[in-house]
Amino acid sequence: MKQSHPRIRRRREAGIALVTALMISLITATLLAASLCVSMTSNRLGWNQARSEAALQVADAGVNWELQYIAQNAGQITVSLLSSQPLAGVGVTIKYPGESFAIKGTNGTVPGYSNGQFWVYASNDSAGTTAWDGVTSPFYITSSGYVNGAWNRVQITSQASSVFNIYGSGALGSYSNSPSTVNISSGGSVVVTGPATVNGTVTTGTGSSFTAPTAINSNTCTYSSGQFTSSNVASGGSLCSKQAPVVYPTCASLLRKCSGNSSYTDSQAWTWRSNNCSNSSCVYHYKSTANSSTISTSNCTKLTGGCGTTLNNACWNNANTKPGTYNSSGYYWLWFWEPPTYAVQTLIFEPGDYYFTSMQLAYNCSCEMIIDPQAQASGGTPGQVRFWVNDPGSSPTSDSISLPMTNTCASGQTTPDCGLFRIYYGKDNCTCQFNRPSNCTDWQSNTVTGDFEYHCGVYACTRQPDTTVSTSGGCQAGTPDTTKHGCTVGLCGQTSRSNGCCKITGSCLTDKLSCQGGCTLNYQASVSCGNDPCAGGSVLSWCKK
């Protein structure tokens with residue numbers, strides 16, 4: 001066999017090695033290029049996903065902003081001012097991907113997203129063709145978020161919700177000359193069973209306490225300290241904060257909406273209410289021939305003349321005696337002392353709007369006050385009983401309620417619906433004081449024990465906070481109404497809670513809150529609240545569009 005020359009063989013092997021090395025280098029380069037491509041693609045996908053997620057968060061922030069905007073403008077009459085409109089802003093040309101028209105809604109930004117913004121609007125329909133009218137429920141809020149070229153859109157279906165269905169207590173004032181809006185006297189004990197929020201600062205006396213399951217510091221862009229702390233949170237609860245204040249309309253703004261005349265001044269709005277009230281037509285009492293104390297058309301009749309605009313104990317003078325009660329002097333029977341008894345006179349307030357310039361209701365066992373939203377006395381249509389309180393005089397005085405109130409319940413129910421009784425307090429620089437006095441006895445001279453419980457929603461707002469919500473979701477300087485001071489809701493219970501607290505079951509929304517002794521703000525969502533100012537809504541569904 002012919003043998004290859006060693007030199008030729010070595011050259012051949014060297015050539016093969018070179019080719020192999022080149023092939024390995026080529027494969028390696030290809031793999032490196034592919035790996036680099038995959039890495040770049042992955043980074044690009046990650047970047048796109050991050051932008052998309054950020055846009056989604058910005059869109060959600062737009063929804064929250066819109067809910068606050070609706071609450072802030074609950075007193076508006078014109079539809080275009082109730083919520084953000086499904087219309088493109090002047091000069092807006094940017095379009096949402098896939099759409100041929102300029103994007104619709106109010107444009108805003110979110111703190112922390114320097115390159116992000118949202119467009120949001122509320123509408124009667126999911127397509128966004130008709131602006132929300134403030135009545136239709138459910139309604140829709142649509143928000144589009146944009147961050148660094150990436151878009152996302154969300155839409156919620158919302159049930160119109162009452163302002164009274166959000167907080168157990170809300171101290172909404174925040175004024176540069178009077179920052180403290182929650183004041184608890186020394187030894188005071190305040191328990192809130194639902195969310196509590198404050199726009200201003202909190203002042204507590206020695207040995208006092210204030211607790212809620214959720215304590216919310218609003219308006220933190222104005223106050224970085226001096227609000228709720230962990231000591232104000234009930235066991236297992238949470239302490240929250242948000243930059244923007246909670247801003248609700250004043251009582252006078254709500255009256256303008258009731259009247260249908262947005263041009264009314266505050267004074268004109270209250271005059272309209274005084275001329276359109278139920279004081280003379282909807283107050284009932286027992287018939288002189290009533291054979292039982294059951295509230296019914298057979299036992300009750302309209303009180304001739306009703307009651308005037310001053311609600312005090314004298315209003316009961318013309319009411320007939322409640323069946324089963326009577327006057328008697330105390331006497332001894334053998335060696336037993338029979339204490340005196342007192343005839344009870346009853347006033348029954350049927351559904352309607354009542355206007356009072358003053359409420360001075362001292363405790364008196366002979367005076368019984370019944371709130372009858374079920375219209376059992378008149379046989380009319382059940383509905384809300386609303387007290388509107390304001391004094392147009394130059395020197396208004398504060399008001400005091402120390403008289404228990406009993407609310408009628410719907411058939412089959414044993415607990416009153418707090419949504420059927422509202423007190424709107426509009427006396428600026430005054431206090432609407434609820435009391436649980438000591439040493440009370442009933443008509444049979446028995447000691448009255450337990451809490452004085454008022455089943456209602458109390459709304460006492462005459463001056464909005466000096467800061468307001470900005471389109472960035474934070475706060476901005478408002479236009480302070482220096483002619484107003486805000487009003488106060490006061491609660492005063494016994495020093496020892498076991499001796500009886502002053503208790504509001506429902507919700508208390510006020511410029512300022514002041515508490516002494518044992519007090520309870522027992523949050524209870526309203527079942528019937530169709531005539532309440534709307535605070536946006538409760539979310540029924542959320543979807544990504």
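In which sense do strand 24 and strand 26 pair, and over how many bridges? I found that the two pair in the parallel sense over 3 bridges, where pairing requires at least two bridges found by DSSP between the strands, and strands (E, at least two residues) and helices (H or I, at least four) are DSSP runs numbered from the N terminus.

**Ground rules.** I noted that this is a predicted model, in which local features need pLDDT of at least 70 and side-chain atom pairs count only at pLDDT 80 or more, while totals for chains, interfaces and linings use all residues. Residues are numbered from 1 along each chain as its sequence is written, and side-chain values use heavy atoms, with hydrogens and water left out.

**Helix 4.** In helix 4 (residues 266–275) I listed A269, W270 and R273 as buried. Seen down the helix axis, these buried residues fall within an arc of 95°, so they line one face of helix 4; the arc is taken from the directions from the helix axis to the C-beta atoms. The face turned away from the buried side carries the exposed residues S267 and N275. The buried residues of helix 4 pack against helix 3 (251–259), strand 18 (352–356), strand 21 (385–389) and strand 24 (421–425), with contact meaning heavy atoms within 4.5 Å.

**Cores.** I then turned to the largest nonpolar core, which has 58 residues, with L311, F349, M369, F387 and F434 making the most contacts inside it; such a core is a set of buried Ala, Val, Leu, Ile, Met, Phe, Trp, Tyr and Cys residues joined through side-chain atoms within 4.5 Å. Strand 26 (residues 452–460) gives the most to this core, with 5 residues. Apart from it lies another core, of 23 residues, among them A59, W132, V147 and V154.

**M359.** I located M359 in strand 19 (residues 358–361), and at 0% relative accessibility M359 counts as buried. Beyond its neighbours within four places in sequence, M359 is in contact with residues including L311, F387 and C432. The C-alpha atoms of M359 and L311 are separated by 4.8 Å, although these residues are 48 apart along the chain.

**Aromatic pairs.** I recorded 22 aromatic pairs in the structure, counting rings of Phe, Tyr and Trp (its six-membered ring) whose centres lie within 6.5 Å, with planes under 30 degrees apart taken as stacked, over 60 as edge-to-face and the rest as tilted. One of them joins Y96 and W151 edge-to-face, at 5.2 Å centre to centre and 75° between the planes. Y96 lies in the loop between helix 2 (79–82) and strand 1 (106–109) and W151 in strand 4 (residues 150–162), so the pair ties together parts that are 55 residues apart in sequence. I also noted that ring pairs link F164, W270, Y355, W388, Y424 and Y459 into a cluster.

Key. Buried < 20%, exposed > 50% of the residue type's maximum accessible area, 1.4 Å probe, protein only.
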